[in-house]
Amino acid sequence: MSASYLWTLAFAVALLAGLGVKFWLATRQIRHVARHRAEVPADFSGTVSLAAHQKAADYTLAKARVGLLEMAFGAAVLLGWTLLGGLHALNQALLGVLGPGMGQQLALLASFALIGGLLDLPFSLYGTFVVEERFGFNKMTWTLWLADLAKGLVLAVLIGGPIAWLVLWLMGAAGPMWWVWAWAVWMGVNLLAMVVYPLFIAPWFNKFKPLEDEALKARVTALMQRCGFRAKGLFVMDGSRRSAHANAYFTGFGAAKRVVFFDTLLSRLSAGEVDAVLAHELGHFRHKHLVKMIALLFAFSAIGFWLLGLLSRQPWFYTGLGVAPNLEGPNDALALVLFLLVVPLFTFFVSPLLALLSRRNEFQADAFAVSQTGSHDLRNALLKLYEDNASTLTPDPLYVRFYYSHPPASERLARMAAAGGAP
Ligand SMILES: [Zn+2]
């Protein structure tokens, strides 16, 4: 049995196993939510209305059903690119026009990204203008949607283009250890993005105003000082331009470090509840969750680049996925695209571990918030946020283990009560 054949087999098995597990989880979630739709769970009977509970159930079901369709479509597209010869045909067509070299490689990456983006478009449109719209969340106009799309394209060309060129150049010129250099570049870009994004990119999409409510500002500043957090600013973002979903986050480091509240959040929460949400964010900061996540990203991407360095030199890596490697000219762009297509099939099986880590971080941040502001306000704030975002109170427990980066409301409130912070 040839290596190429074995690789095709491994790919097919990973694809089918992943699809099977995802389909099974999605149908579990759909059944579980539908079964609990009729009644508000006992723990929430005094705080959540039946109408809100059922809206959350319907919203969850609508998203899960689209998710099933998207999953099947994604698998078909993956097969189209690989075993059915799509990537091979695209590569040959570009070789015919441009000949081998850097230009052809960049064109291959660009056209792959463009075609992938176009194929995703119907789902993103349906998600925003049908699903979100139906549940009253969408605030996006067509003009804004088109402007976002255009800005995204400009950023992809201005930022993605030079990075792609640099990585391809390193792959061709830096010898067998190119992947160490490429990894260093990639990490540098990620760190730089943490400063550049809040200062220059995010303001291109949203307006950020300094928090003006003096009373709230004084409270929030006092809380931050108590927690030893020095941010360069408190900002309110006009999240309501696009969606009724509410959120808060902190971002950046050094001079770019800032706390951002969505205007949708401020309009819904009392001052004490805003404090509690901020204390939760500060809990992430106190426990160094961001730094730990970056360290994890460093480690994972080192493994990824090393693996790419290894695989890109094996002919079976290409032929097993339906692509003939170029005989004259570099194969680096082909290797990159194939790698990006195939890696999610295998990392999917690690995703429960990452979700577990993320949920653990949320519990830690909650505990910190309770220690700073008590549990009453955090509890009320969480209930409002879960309700406003129509997050179901009754997700399937196994589905949660696989996918949820944030624990469901029932688990967070139970954990707070157990920690002695009974309401
Ligand atoms: Zn959090």
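Modeller: Let us begin with the elements: helices (H or I, at least four residues) and strands (E, at least two) are DSSP runs, numbered from the N terminus. Residues are numbered from 1 along each chain as its sequence is written. This is a predicted model, in which local features need pLDDT of at least 70 and side-chain atom pairs count only at pLDDT 80 or more, while totals for chains, interfaces and linings use all residues; side-chain values use heavy atoms, with hydrogens and water left out.

Colleague: Which residues line the largest cavity?

Modeller: Its lining consists of V48, A52, H53, A56, L383, Y386, E387, S391, T392 and L393. Helix 2 (50-81) and helix 14 (375-388) each contribute at least two of the lining residues. For the classes, Ala, Val, Leu, Ile, Met, Phe, Trp, Tyr, Cys and Pro count as nonpolar, Asp, Glu, Lys and Arg as charged, and the others, Gly among them, as polar. On that basis the lining has six nonpolar, three polar and one charged residues.

Colleague: Which residues have the most contacts inside the largest nonpolar core?

Modeller: A nonpolar core is a set of buried Ala, Val, Leu, Ile, Met, Phe, Trp, Tyr and Cys residues joined through side-chain atoms within 4.5 Å. Buried means under 20% relative accessible area, exposed over 50%, and partly exposed in between (1.4 Å probe, protein chains only). The largest core has 44 residues, and those with the most contacts inside it are F44, M224, V259, F261, L265, L278 and L282. A second, separate core of 39 residues includes A75, W81, L87 and M171. Contact means heavy atoms within 4.5 Å. Leaving aside residues up to four places away in sequence, L278 touches V220, L223, M224, V259 and F261.

Colleague: Which residues are the protein donors of the zinc ion?

Modeller: Donors are N, O and S atoms within 2.8 Å of the metal (3.2 Å for Na, K and Ca); water is not among the atoms, so sites may look incomplete. The zinc ion has H280 (NE2), H284 (NE2) and E362 (OE) as protein donors, lying 2.0 to 2.1 Å from it. Their spacing in sequence is H-x3-H-x77-E. Because H280 and H284 are four residues apart in helix 9, about one helical turn separates them. Both H280 and H284 are buried.

Colleague: Is K288 buried or exposed, and what of A390?

Modeller: K288 has a relative accessibility of 51% and therefore counts as exposed, whereas A390, at 3%, counts as buried. K288 is in the loop between helix 9 and helix 10 (289-311), and its phi is near 55°, a positive value in a residue other than glycine. A390 is in the loop between helix 14 and helix 15 (397-403); although not a glycine, A390 has a positive phi of about 50°.

Definitions and conventions. On a 1 Å grid over the protein atoms alone, a cavity is a set of points where a 1.4 Å probe fits but cannot get out, and a pocket is an open set with protein on both sides within 12 Å along at least five of seven lines; lining residues have an atom within 4 Å of a point.
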